[in-house]
Amino acid sequence: MEANKKWYQLDLGLGNKKTSQTTCGCGKSSGGCGSTKEDSRQATQSISAAEFDAAVEQEIMGDTAVAQTQKDGFQQVFDVKMDRRTAFRKLTASLLVGAGAVHTSCSITTSGEAKEKAQIDWEEQFKGNYKLMTQEEKQATVDRLVRSYQLRKKKNIKMTATDASKDVLFGYAFNISKCQGYMNCVSACVEENNQDRNSEMQYIRIHEMKDGQGFKFNEADDNYYHEVPAEGHFYMGTQCFHCDNPPCVNVCPVEATWREEDGLVVIDYDWCIGCRYCMAACPYDGRRFNWSKPEVPEEEVNKNQHYLGNRLRKKGVMEKCTFCVQRSRSGRDPACVEACPTGARIFGNLLDPNSTIRWVLENKQVFRLKEDLGTEPKFWYFMD
Amino acid sequence: METFRAFRSMVRDSLGHITHGSKVYHLWMFLLTVVMLIGMYAYYIQLEQGLSATGMTDRVSWGLYISNFTFLVGVAAAAVMLVMPTYVLHDIDFKQAVLIGEGLAVAALIMCLAFIVADLGGPAVAWHLIPFIGVFNFPNSMLAWDVIVLNGYLFINITIPLYILFRHYQGKEAKHNIYVPGAILSVLWAVAIHLVTAFLYQGLQARPFWNNALLGPRFLASAFAAGPALIILVLAAIRKFSEFKIPDKTIRKIAIIVTVAAQINLIMLVSELFKEFYAPTHHSESAIYLYFGLEGKNALMPWIWTAIPLNVLATVLLTVHKFRSNFKILYFACFILFVAIWIEKGFGLIVPGFIPGPYGKIAEYTPTWVEIWVTLGIWALGAFVFTMLAKTAIGIELGKLRYRKKETIQSETH
């Protein structure tokens, strides 16, 4: 960032290129061979559903085995070093709902499972903000959530809490010339991210616009039900742009939403109080609220989850696109990118000089929406 | 120890005092209780179903609750217009009104907090908002500032009258050097609560309708019009229903405050309208929606076109000296001014901020019955709290409630 800039500016280090050691098949330092990406994508895609389930199963068994050797619930709560704030919080917590939970968890008549459920609920209700948790605390809450799902639904899920990697900054580009409005991205997103089926919540909106009239969002149709591509129209998708200077993060009174090191703007669903201030602050319609209890049929639940991503949400909290954090942090493309039949969607690491996204930014005429607001979205549009 | 005993006696006496009264009083409190109970039932429905029980959607994500919250912050701030002259400038005329004004501020703040809680998606985790226990996004989030200033103001407005009334209850004079610093602080604080609440909206670059520099000053002007207007109406009611003597002079002086504030408010309204309609840009669409409707959608038009004429009429009535000195006309003017500002600064300000949406979509907002009843319930709660506070304050000020009075009377009769 230049020193004399009075406002925020996204710095990709485009000026000081360094050749990275990432292997590119063709050996070009820039350009559109894209072989690196293709390789990694095929590698991850080649896992079959059965293999994946087996892997999930193994992972969970492993987790449980570890969990058994770990401390029990009492030790987890009391054998931790805590600062004054934590101690005070826990004290207040116990005063607040002590009676109910203690009744369930201490009663001789309730079964072991009910006790465990009560114990989990208790700890979940009064846990801290994910952003401020230590690695152990993060793992503990993930374990609790997995176990809670096991107790309730008798099914196993896999939940990760992978942190951002160094030298990664995720970015996204959208090719307006290629998009045909098929909306495969929308349905893939809903399936991947466990959105509420009742209210038909969608993170992505595809705007159908008339040719020759420019970008007139207010005249565009973002809720069409007809054959596409419609004659004389073009299509433009919007979602959360993962701004580098996100207004939604600033306004949150409890820091329940923040920008991660790799540029993803995420929400701790358990810390959100549901005031919807972020929704009012977002200039891109990127945020959604759970007005009712979100429901996903059991057989449709995506069991490969991330704490900050597609884990099941509850009533009265915000949620949004996370660039599929559960996929992107394990080297895969977001579901919308993978589902797009036209190749209009490009995703990658902005700090990797050999990535496709960097090639697009350097070789295409790109633009972003509402740049005058100083939000620095990491979502670019371009045309062929 | 003596102080403690006196305090306990005051609490006991006050409780006795507020549970006894005329038939009209009991009927009034009964009605408020009924409305509060219905409101609580409506809130129960909302808790069960989630906020989908309200008319709010992803497109218009704040509605009646936040509108009323915004308006009531102004009412709370207005008490200061009476506090300053009385405590700091020793203007005797206001002394009768100031305790009432502070009681009104306390009631308004309790309503504000109730509206915020009603609007939360997760009231069970509202403790995340408490400084030092939760995580407080200070100083970045204006909502965090608002939590501090509102609760601080509530504290100030409870302690000052409590101290004065407690002294009077014991038959002593309140000490100037104790309450005057508090009073001065509350004057600054009142401006702060309203300015911070305005910044809550003003700071959002996503919403051009709110993102203008006039919003804060306009909030103050309208607050200092609507708040004292309400105080005049309340004083009129107190004059009618209790023996508490409020001289005409007091009401006349408050009326001057209302008049000046209403005039300034009107000037700012003209300035806003000029900016939106002289050279309309893309950013004027919310104002166009509010005043004329967009694409055939005009739910707010009848409201705003009620508010503007009422506002103008009230300001004219208040400005003309002859009308203002006639109390019947004054009360009428205050009433319509209050209603006009409630519309204009309530949903007339909040709802158009969301219309059109970020990508120009126009989705309208209509509150549901659940929402309306919760709102009415909270207003009833405010009226209930205020009635109790005012009744106690009047009792103490009139000398009906006095420490050891009963005992002395008893010992005399024995």
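These are my notebook entries on chain B of a predicted model and on the place where chain A meets chain B.

**Entry 1, chain B as a whole.** Along the principal axes, its C-alpha atoms fill a box of roughly 80 × 55 × 40 Å. I then checked the radius of gyration, which is 22 Å for chain B and agrees with the value near 22 Å that a compact globule of 414 residues would have. Of those 414 residues, 45% count as buried, and among the contacts between residues at least 6 apart in sequence, 80% join residues at least 24 apart.

I turned to helix H4 (residues 80-88) and helix H7 (residues 176-202) of chain B, which pack with their axes 9 Å apart and at an angle of about 150°. Because an angle over 145 degrees counts as roughly antiparallel, I noted H4(B) as roughly antiparallel to H7(B). The crossing of H4(B) past H7(B) is left-handed. On the H4(B) side I listed Val80(B), Val83(B), Met84(B), Tyr87(B) and Val88(B), while the residues from H7(B) include Tyr179(B), Ile184(B) and Ala190(B). The residues of this contact divide into 11 nonpolar, 1 polar and no charged.

On the chain A side, two or more residues each come from helix H4 (84-106), helix H8 (247-251), helix H9 (277-281) and strand E7 (287-289) of chain A. I recorded 23 nonpolar, 9 polar and 8 charged residues on the side of chain A that touches chain B.

How values were computed. Residues are numbered from 1 along each chain as its sequence is written. Chains are lettered from A and ligands numbered from 1 in the order in which they are written. This is a predicted model: local features need pLDDT of at least 70, side-chain atom pairs count only at pLDDT 80 or more; totals for chains, interfaces and linings use all residues. Two residues are in contact if their C-beta atoms, placed from the backbone, lie within 7 Å. Helices (H or I, at least four residues) and strands (E, at least two) are DSSP runs, numbered from the N terminus. Ala, Val, Leu, Ile, Met, Phe, Trp, Tyr, Cys and Pro count as nonpolar, Asp, Glu, Lys and Arg as charged, and the others, Gly among them, as polar. The radius of gyration is taken over C-alpha atoms; the globule rule is 2.2 Å times the number of residues to the power 0.38. A residue is buried if 20 or more other C-beta atoms lie within 10 Å of its own, exposed if 12 or fewer, and partly exposed in between; C-beta atoms are placed from the backbone. Axes are lines fitted to C-alpha atoms, for helices over the stretch in contact, and angles run from 0 to 180 degrees between N-to-C directions. Angles under 35 degrees count as roughly parallel, over 145 as roughly antiparallel, 65 to 115 as roughly perpendicular and the rest as oblique. A crossing is left-handed if the near helix is turned anticlockwise from the far one by less than a right angle, and right-handed if clockwise.
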